[in-house]
Amino acid sequence: MMRPFLFLLLLLAGPLAAQTPDTRMLLPVPTQATWGQSRFTVKPDLSWQVFTPTQTPASQAADSAVAQAVEQLVLPALLPGRMGVGPSRRQASPMPTASMVLQYGRPGNLLKLGEDESYTLRVTPMGVALNAPTHLGILRGLATLRQLATPEKKMVWLPEVDVVDSPRFPWRGLLMDPARHFMPVSVIKRNLDGMWATKFNVMHWHLADDQGFRVESKLFPRLHTVGGEGQFYTQQQVREVIRYAARRGIRVVPELDMPGHATAWLAAYPRLASNDSIYGVARKWGVLNIALDPTKETTYTLIDSLLSEMTGLFPDPYFHIGGDENDGRQWKRNPRIVAFMKQQGFINAKGQPDNHALQTYFSRRVLQMLTRYQKKMVGWDEILGPDLPQDAVIQSWRGKKGLYEAAKAGHPTLLSNGYYIDLNLTAASHYAPDPLPQDAPLTPAQQKLVLGGEATMWSEFADSVIVDSRIWPRAAAVAERLWSVGTVRDVPDMYRRLALVSRQLETMGLRHRRAPEQLLTQLAGGRQTAVAPLRTLAQVLEPVKEYKRHFQGFNYTTQTPLNRLVDAAPSESEEARQFGVAVDGLLAYRRTAAGNDLQGQPGKALVAYLTNELEYWQANDALVQPLLKQNPSLQEYAPHSARLKTVATLGLERLRLLEKGQAPTPTWLTNALKQLDAAKAPAGQTELAVVPAIRRLVEAK
């Protein structure tokens, strides 16, 4: 429905034009980019070379990773539709005639936190030169190079530019959660491609939770056969994913959540339980407060043996043990566990058994095991305690307070608070939090302990079909926050580039745009005439925010199909966001115009755009209501369509008054605000995303 060329006109109109750095199409924004006036036209006979000063087994593996990135990820954008490309072989010195020369000093150590990922990229009319100290820098530079590809008719060109770039933080992660909804290897791989494109460098693989244990254990096969219910990654598949990620410069950090979120463990091995209950794998969502028994030596014997196997399977130096959301209620209800706490002196200031002290005891025991297996432990901020050794990494999901406390206690830290992309919040809300803002109450030494952060994609409401649409493109905003310098904060420019990145990601095989469209087609019964009006409605809906979807009158379980209109609706409506930008632009222009006159060219263009959108939404109700009423799975969304018509009508009426320079009557305004309040009500676990912008228009003074 949105006409991009018109909206571009609006953004550039006179005093509304934004004054931003020249970021072009690049996201994350590089440290430095100097743009020229010319371009490099990519020819069908494009040739490229990889150059390193020495030839070793490590450099051969690095060359292979670089070659694969060029051939599979970059060249399809430079030479779309072409299968074969010019020579690509390792050279002792650059080939003078090559159009694209890649040079690095040594293979990068992917498993070394803080390894050099810097690069320089130069594009001239003669060709491309990409240089880096390590091959990891080459991989980051190739992601930038791909973004520079500009299609024009039947050719592709690259703008002339000099880029000098390096990351702000060494740990830039994305959490994938196949424990709740299983994600096949193909889904993981295509999201790793998206991570490469946006310069994430850690995939946090959440492999065990109440709803599933998803990795094969040869020592304890019931964990994956019973706890995983047949949906798990074989060890061969795990190695395949790790290799795939490594060739994109991405580490894989596994998480086996314990001692809470452990129902799947207990379904497989009941002897681990803190009470005498027998559990099945959890079918419901939420915090179940079911925990392992931390007082039995047999618990630690099993964990130790399991970690001996899993640490050998996952080569990364870091291993995540979870440690979150365990309130200890099962421990307090077990007299034997309470007696153990008293015996160990785990008593709080009120003289009561201290659950947190017992969990710290558990964490220390597990940390000792991981240390023995030469791993560093990562856990959520609940594991932080006065007796926890400093080399444990604290991942803060509850707020900056936990991150600062961890750093002050000498722990390396990661920030995830603010980066929970499963909450269906805006990209701008995820763009704002900073792991290390200027006002952070930390000393320089403590600041160095802030390693970066991770976007988290918990999957209660994201299965393998729609998960891409819940991650992308919003996760790219987090990627920029973790890569680019802290002063990069232009939200409108971020959204402009986010739209470009979104289209590029789709061409790489991600399904964040295709999957919702396919779901709409299914809901419309395959009738193309019905898809368009249903799409118009879906595009201005958003799922209810945070975890409200659990409390909207629909009982979700792990078996509930995610195939309703709420699942096709975007996490952030781009239609509603752009409409809101136009409303704000109109009101800003009106404040600067003499006598609130809207007859100037920017004012006319904005009014025309807003009128067109509102009339479109107003007319859509008659087109979509027959489909909504005929399809039982769509009937719950009929109120939203009627409300969209109502609020669009209010917006049109207020626009006409603004054009005439007239204020609404008090009675009209009172009635309009009542109708807008009613339109905020959720339906089908969705919200009508255009209501706030229309309210701003209606309330304009």
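Helices H21 (574–592) and H25 (691–698) of this predicted model pack at an angle of about 15°, with their axes 9 Å apart. Axes are lines fitted to C-alpha atoms, for helices over the stretch in contact, and angles run from 0 to 180 degrees between N-to-C directions. H21 is therefore roughly parallel to H25 (angles under 35 degrees). The crossing of the two helices is left-handed, in that the near helix is turned anticlockwise from the far one by less than a right angle. On the H21 side, the contact (heavy atoms within 4.5 Å) involves Phe579, Gly580, Val583, Asp584, Leu586 and Leu587, which meet Ala693, Ile694, Arg696 and Leu697 of H25. These residues divide into 7 nonpolar, 1 polar and 2 charged. Ala, Val, Leu, Ile, Met, Phe, Trp, Tyr, Cys and Pro count as nonpolar, Asp, Glu, Lys and Arg as charged, and the others, Gly among them, as polar.

Within H25, Val691, Ala693, Ile694, Leu697 and Val698 are buried (under 20% relative accessible area, 1.4 Å probe, protein chains only). The buried residues of H25 fall within an arc of 165° when seen down its axis, so they line one face of the helix; the arc is that of the directions from the helix axis to the C-beta atoms. Their cover includes H21, helix H22 (601–630), helix H23 (638–660), helix H24 (666–679) and strand E19 (686–688). Helices (H or I, at least four residues) and strands (E, at least two) are DSSP runs, numbered from the N terminus.

Tyr637 lies in the loop between H22 and H23. Tyr637 counts as buried because its relative accessibility is 0%. Leaving aside neighbours within four places in sequence, Tyr637 is in contact with Leu537, Leu541, Arg564, Leu565, Val566, Leu628, Ala683, Gly684 and Thr686. Of these, Ala683 is 46 residues from Tyr637 along the chain, with 6.0 Å between the C-alpha atoms.

Ala62, Ala65, Val66, Ala69, Val70, Leu73, Val74 and Ala77 of H2 make the contact with His135, Ile138, Leu139, Leu142, Leu145 and Arg146 of H3. This contact comprises 12 nonpolar residues, 1 polar and 1 charged.

Residues are numbered from 1 along each chain as its sequence is written. In this predicted model local features need pLDDT of at least 70, side-chain atom pairs count only at pLDDT 80 or more, and totals for chains, interfaces and linings use all residues, while side-chain values use heavy atoms, with hydrogens and water left out.

Note on methods. Buried means under 20% relative accessible area, exposed over 50%, partly exposed in between (1.4 Å probe, protein chains only). Angles under 35 degrees count as roughly parallel, over 145 as roughly antiparallel, 65 to 115 as roughly perpendicular and the rest as oblique.
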